[in-house]
Amino acid sequence: MTTGVTEKVGVQPHPQRWAVLGVLCLSVMVVVLDNTVLNVAIPSISTGLGASTADIQWMINAYSLALAGLLLTTGALSDRFGRKRALLAGLVLFGAGSAVAAYAGSSEALIAARGFMGIGAAMLMPGTLAVLMQLFDEKERPKAIGIWAAVTSLGFAAGPVIGGALIKHFWWGSVFLINVPVAVLAIAAVATLVPESKDPTVRKPDVLGSVLSVVGMVSIVYAVISVPEHGFGSAEFGVPIALGLVAMTAFALWERHTAEPMLDLGFFADRRFTGAVASGVLAAFGMAGSLFLLTQHLQGVLGYSPLEAGIRVAPMAIALLVTSNTLGQLVMKLGASKAMLLGMTIVAGGVVLLSIGTNYPLTLAGLILIGVGVGVAQPVAVNALMGSIPPERAGIASGLSGTLSELGSSFGIAVLGALLSARFVASLPDGVPGRSLSEALGSGADLTVVRDAFSSGMSVSLLIGALAVFLGGVVASVLLRRA
């Protein structure tokens, strides 16, 4: 049982807090890397396992469904039973799933392993921020959050680079096998350095709330990720989205009336919490969708290999890392409201540059702006979110933030991808297949025409993504100013 000593960590800074922060960053890095490293391995996996398009989609989606569906529940469980325990369990599951995935002999085995990895990621993700909140005081917390945010973005950008290098020299399973030694190192470091912390209030498990949240989120995310293949008017979208909305409505009603809710809906009464969540969802919508399209543009239109494309996305993470570690004091002087608006506006401007990026120098400028903007806004948003709730409930708050960000990312990829697809098909000459850029490029049609059609569709989609990011900044700024 956790004693009062553990709960004082947030008041008296832990002597090894910066070393622990490094461990937390290492833990979350392995999860973030896995989100992007798989993209460059898809052709090799498809060839090696004889996987169909549907198989490949499920390899990606199994992870997303498990992660998004369980984050709320695992966040609450980490508060109840201990964040260190949750981190260790998550790393063990993630590492084991990665080992199975590396040597999977069939598509079905790889899909199952990816789902297992998603469960592990859902267990460890909420604990990283929750432990950080316990270790650092209000003075050091913004800097710690900035480092944590920068490392997550660095992992996102490094994924294609690492994946491309591994595929070039090894077999496709190496993109999963590399997770195993990292997970083992993180397990040893967590066990040695990270102090245990949990909610000191003894709460009864909210079983019905957990079931409703899992059913609701899995259904909604499944509906959204089915859009690119089936469309918004299909039963594949309509049935699960209806089930998901019903389940989440029932979840909200239950949480309002049960004596010990898993998620205290009173959090949303705090404008700092609501503003941070709103900005996170809209930012995830715009950025995830935009970067998803950009990676296709770099390879299919500008002609870079997966490794070259990954290297050319990396400046965004470098700009974020530099910004979050050099402009922290200036951001604090601006105040949360102004800093959020400034950061999100810079991000939106970067996405606009991507929309007109007919060459890499323009794209590079856009990526640097995005990195700078995220470096300004993300630490402010996370600090506002985590600072608006009791430290003992940090796990569930982090889980909620992660859940909504995953949902925003899924919607961004689905909506912006659908808009791109519609304009891409409409711009292609008759008879040219437009289900994907690679299919159109291999159809024998004029390559210049195909690439121009894709660029035209991408420009429109990215402008909508930029608008979503800017609106997120405005909403968050207004709410934070009123808080």
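Author: Helix 9 (residues 207-225) and helix 11 (residues 235-257) have axes that come within 7 Å and cross at roughly 150°. Here the helices are DSSP runs (H or I, at least four residues), numbered from the N terminus. An axis is a line fitted to C-alpha atoms, for helices over the stretch in contact, and angles run from 0 to 180 degrees between N-to-C directions. Helix 9 passes helix 11 in a left-handed crossing, that is, the near helix is turned anticlockwise from the far one by less than a right angle (right-handed if clockwise). The contact of helix 9 with helix 11 has 18 nonpolar, five polar and two charged residues. In this scheme Ala, Val, Leu, Ile, Met, Phe, Trp, Tyr, Cys and Pro count as nonpolar, Asp, Glu, Lys and Arg as charged, and the others, Gly among them, as polar.

The model is predicted: local features need pLDDT of at least 70, side-chain atom pairs count only at pLDDT 80 or more, and totals for chains, interfaces and linings use all residues. Residues are numbered from 1 along each chain as its sequence is written, and side-chain values use heavy atoms, with hydrogens and water left out.

Helix 19 (residues 447-482) packs with helix 12 (residues 271-301) at an angle of about 165°, their axes being 8 Å apart. Helix 12 and helix 19 are therefore roughly antiparallel to each other, and helix 12 passes helix 19 in a left-handed crossing. The residues of this contact comprise 18 nonpolar, 12 polar and four charged.

Helix 19 also packs with helix 15 (residues 336-355), at an angle of about 175° and with the axes 8 Å apart. Helix 15 and helix 19 are therefore roughly antiparallel too. Their contact has 18 nonpolar, eight polar and one charged residues.

As to confidence, pLDDT is the predictor's confidence in each residue, from 0 to 100. The mean for the chain is 77, and 86% of its residues reach 70 or more. Confidence is highest in helix 4 (residues 83-102), at a mean of 88, and lowest in helix 1 (residues 4-7), at 39. Over residues 1-11, pLDDT stays under 50.

Key: Helix = DSSP H or I, 4+ residues; strand = E, 2+ residues; numbered from the N terminus. Parallel < 35°, antiparallel > 145°, perpendicular 65-115°, else oblique. Contact = heavy atoms within 4.5 Å.
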